[in-house]
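Subject: Structure for you to look at

Dear colleague,

I am passing on the structure below, and I would be grateful if you could look through it with the notes that follow beside you.

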Amino acid sequence: MCGVFGIRSDDRDVARLTYFGLFALQHRGQESAGIAVSNRGRLTVLREMGLVAQVFDEEKLHALPGDVAIGHTRYSTTGSTHWANAQPVVHHGAARTVALGHNGNLTNSGGLRRALEEEGVKLDATSDTEVIAALLAQDTARLEGAYSVVALAEGRLVGFRDPHGIRPLALGRVGSDWVIASETCALDLVGARYVRDVRPGEVVVVDEEGLTATQALPEARQALCIFEHVYFARPDSTLAGGEVHGARVRMGERLAAEAPVEADLVLPIPDSGTPAAVGYARASGIPYSDGLIKNRYVGRTFIQPDEDLRRQGIKLKFNPLAEVAGKRIVVVDDSIVRGNTMRQLVAMLQEAGAAEVHVRISSPPVVSPCFYGIDMGDDGQLPAAHHTVEELREQIGATSLHYLSLEGMQAATRLPEASVCRACFTREYPTRVPAERNLAKLRFEHAR
Ligand code: SF4
């Protein structure tokens, strides 16, 4: 995941606007936050572990005057969890110094890192972003995989996106100034108007003359991550011109048509399952209830990088209302990745006296890992890769379990099938993926 934001302005407080932009993108990464500012070419970077509001305060923002700023919220993917991987990263290259924030995941970073090191380039961090920064500083384009990037180079704001457009990147304007952000909800917060998406393979450069757009790499098969519609993006954002919330409600409506059940209440797993539960309740006629209360001050469980933290997080996070006792409940969530959350929630509802717990998921089973920046673990950690739906139902202890079909999910997004990545549901990847990772896993499975 990760969230990126960038702005250039001669008269606005760019660091403060970047702070607010990052605040709107906090859901895309909670591990670290950072802002890099250029003040007439002089670069200052502040990045720390923690939430945006923990990392920055008035005093720190005040110390970041400038005319261009980029910011980043990080969700740990490639590279371990420590400060060196917080972004923006700064790379001092032979041709130029760049600061850079990246959302996505390279599928050829290992080879590129080795090649760069052989060429004498010094890389400090373990993340892909350092590799991209080094290549950008060298004027080289050898990247494969997913990258939506904001960068600051020679006092200019730069945005670019991989040729498949796997992660989103939106362009907006506030007055005559240009803004780049992972999602349109960040444009809304800083008062910017959405203009268009940065096109796949396109590089946009903003300087005092305005914006220059170049199709740097030929557009490849479009592959916007469909999981952005299912879960990752904020519901008030638009993706490829369509509102995310509306797509999620339609997923719920289709789920009700595909997997009906006689029940007394429809409950969402808040907040990720809420729009789909609204859709399910609307289409089925079963009353909607906020029967699971969420403690809003605990981070999203899925986003915690560590398995133990994830387990503890679930107990901290939800508590059922007494009204579930004696009722036949339909529980709706957007996805099941590893299944730990759902198993505990079903048990929690049964302990609260629910007569039946029917689980409905508004996306298909996740059967394959993501190589484009989403930490789902490998095949071995994805139960749906190895078990039937009936076996999964038994594992989570539900009365019944149904997933939305691939066709149902696709139709709900109103995007053509050929324009999205659905690889974690279909195993059909839009780019080359590192085969050795799969092979290593298979060998391991075989050895057991
Ligand atoms: S594999 Fe899944 S999560 Fe990853 S980019 Fe494709 S659709 Fe999105």
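Strand 8 (residues 156-161) and strand 12 (residues 202-207) run antiparallel and are joined by four bridges, and within this pairing F160 stands opposite V203 in strand 12. Please keep in mind that this is a predicted model, in which local features need pLDDT of at least 70 and side-chain atom pairs count only at pLDDT 80 or more, while totals for chains, interfaces and linings use all residues. Residues are numbered from 1 along each chain as its sequence is written, and side-chain values use heavy atoms, with hydrogens and water left out.

As for the terms, strands (E, at least two residues) and helices (H or I, at least four residues) are DSSP runs numbered from the N terminus, and two strands pair if DSSP finds at least two bridges between them.

The two strands named above belong to an open sheet of six strands, in the order 5-6-7-8-12-13, with antiparallel pairing. Its edge strands are strand 5 (89-92) and strand 13 (210-215), each of which pairs on one side only. From one strand to the next the twist averages 20 degrees, where angles run from 0 to 180 degrees between the N-to-C directions of axes, which are lines fitted to C-alpha atoms, for helices over the stretch in contact.

Another open sheet has seven strands in the order 3-2-4-1-10-9-11, and its pairing is antiparallel too. Strand 3 (42-49) and strand 11 (193-197) stand at its edges with a single partner strand each, so one side of each is left without a neighbour in the sheet. Here the twist averages 15 degrees from one strand to the next. Within this sheet, strand 9 (residues 170-174) pairs with strand 10 (residues 177-181) in the antiparallel sense over five bridges, and V174 has D177 in strand 10 as its bridge partner. Helix 1 (residues 14-24) lies across strand 1 (3-8), strand 2 (32-39) and strand 4 (68-74), and runs at about 25 degrees to strand 4.

In the loop between helix 1 and strand 2 you will find R28, which at 0% relative accessibility counts as buried (under 20% relative accessible area, with exposed meaning over 50% and partly exposed in between, for a 1.4 Å probe and protein chains only). The side chains of R28 and E228 are joined by a polar contact of 2.8 Å, that is, a pair of N or O atoms within 3.5 Å, of which, within protein, one must be able to donate a hydrogen and the other to accept it, and residues adjacent in sequence count only if both atoms are side-chain atoms.

Parallel pairing also occurs, around strand 20 (residues 328-333), where five of the six residues are buried. Strand 17 (residues 265-268) runs parallel to strand 20, with four bridges joining them, and P268 has V332 as its bridge partner in strand 20. Strand 20 also pairs in the parallel sense with strand 21 (residues 356-361), over six bridges, and R328 stands opposite E356 in strand 21.

Taken whole, the chain has 15 helices and 23 strands. Of its 448 residues, 56% count as buried, and along its principal axes the C-alpha trace spans about 65 × 50 × 40 Å.

With best wishes

Methods:
Contact means heavy atoms within 4.5 Å.
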